[in-house]
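Here is a short report for a reader new to this structure. Start with the picture below, then read on section by section.

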Amino acid sequence: MLSLGCLSIFGGFSLKVKFESRIAGFTYLDPLLLCVVFRGGLFLDGVLSMIVSDGDLSLRAVELLKSSTHFQQVNYAMFDGSSWSGGLDLDFLYESLGKPIIVVYECEESNSIFLSKFNLYVKFRGVSLSRVEALLDISTFNLLPEPLRVARLLALSLLDALSFS
């Protein structure tokens, strides 16, 4: 059921997520922290990056997004859980950014929820499971949500070009 540029799922009740919700997709490939800002899963609005030599990656992610002109427009922050070796502090991220946080894993992670429709595991703060599923519906076309897939591709390309890998 589609209406007024929103996605309505789950037949009986109306849960709407805008097709063009801004999603900040983060990935970390040592030493590069990269964030892409997407409108839904279709339009790339911006790319942010930072070289991280030491320190708390969660704090660096907050600094990267908050220092961006995209920060006020972002509705959700999505993290590639597979790339954060030290783990993510979801509570810190949610409190610091004031945005719903979604961490996506391709393999099982402790306390993660398996979403069979997407064959992914997720953890989240500041958002309901049904809203996470609706957001994944509008941003996932293949195996990963587009913001994370593109963030990975750009990070790998940058690392290759800069000879960090």
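## The largest pocket

Strand β10 gives the most to the lining of the largest pocket: four residues. This is a predicted model. Besides β10 (120-125), helix α2 (90-97) also gives two or more residues to that lining.

The lining has 13 residues in total. Nearest the pocket centre lie L88, L90, Y105, K123 and R125. Sorted by class, six lining residues are nonpolar, two are polar and five are charged. The space inside the largest pocket is about 150 Å³.

## Overall build

The protein has four helices and ten strands. Along the sequence they run β-β-β-β-β-β-α-β-α-β-β-β-α-α.

Of its 165 residues, 49% count as buried. The accessible surface is about 8200 Å², and 52% of that belongs to carbon and sulfur atoms. Residues 24 or more positions apart account for 52% of them.

## The nonpolar cores

In soluble globular proteins, nonpolar side chains tend to be buried together. Here, the largest nonpolar core has 26 residues. F26, L33, L65, F79, W84 and I101 have the most contacts inside this core. At least two core residues come from each of β4 (22-29), β5 (32-39), α1 (57-66), β7 (76-80), α2 and β8 (101-105). Helix α1 supplies the largest share, with five residues. A second, separate core has 17 residues, including I23, Y76, L115 and V127.

What does I101 touch beyond its neighbours within four places in sequence? Its contacts are A77, F79, L90, L93, Y94, K123, F124, R125 and V127.

V62 sits in helix α1. Is V62 buried or exposed? Its relative accessibility is 7%, so V62 counts as buried. The cut-off for buried is under 20%. Leaving out residues up to four places away in sequence, V62 touches F92, L93, S96 and L97. V62 and Y94 are 32 residues apart in sequence, and their C-alpha atoms are 9.6 Å apart in space.

S21 lies in a loop, between β3 (15-18) and β4. S21 is buried too, because its relative accessible area is 6%. Residues up to four places away in sequence aside, S21 touches F38, R39, G40, N75, Y76 and L135.

Most residues other than glycine have a negative phi, and most peptide bonds are trans.

Which peptide bond is cis, with omega near 5°? The bond runs from D30 to P31. P31 is in the loop between β4 and β5.

The other two places are asparagines with a positive phi. N111 has phi near 65°. N111 is in the loop between β8 and β9 (113-115). With 73% relative accessibility, N111 counts as exposed. N119 has a positive phi of about 55°. The loop between β9 and β10 holds N119. N119 also counts as exposed, at 52% relative accessibility. The cut-off for exposed is over 50%.

Technical notes:
Residues numbered from 1 in each chain as written. Predicted model: local features only at pLDDT ≥ 70, side-chain atom pairs only at ≥ 80, totals over all residues. Heavy atoms only, no water. 1 Å grid on protein atoms, 1.4 Å probe; cavity = no way out; pocket = protein on both sides within 12 Å on 5 of 7 lines; lining within 4 Å. Points joined across faces, edges and corners; volume = space filled by probe spheres on them. Nonpolar A, V, L, I, M, F, W, Y, C, P; charged D, E, K, R; others polar. Buried < 20%, exposed > 50% of the residue type's maximum accessible area, 1.4 Å probe, protein only. Contact = heavy atoms within 4.5 Å. Areas by Shrake-Rupley, 256 points an atom, 1.4 Å probe, with all protein chains shown as cover. Core = buried A, V, L, I, M, F, W, Y, C linked by side-chain atoms within 4.5 Å.
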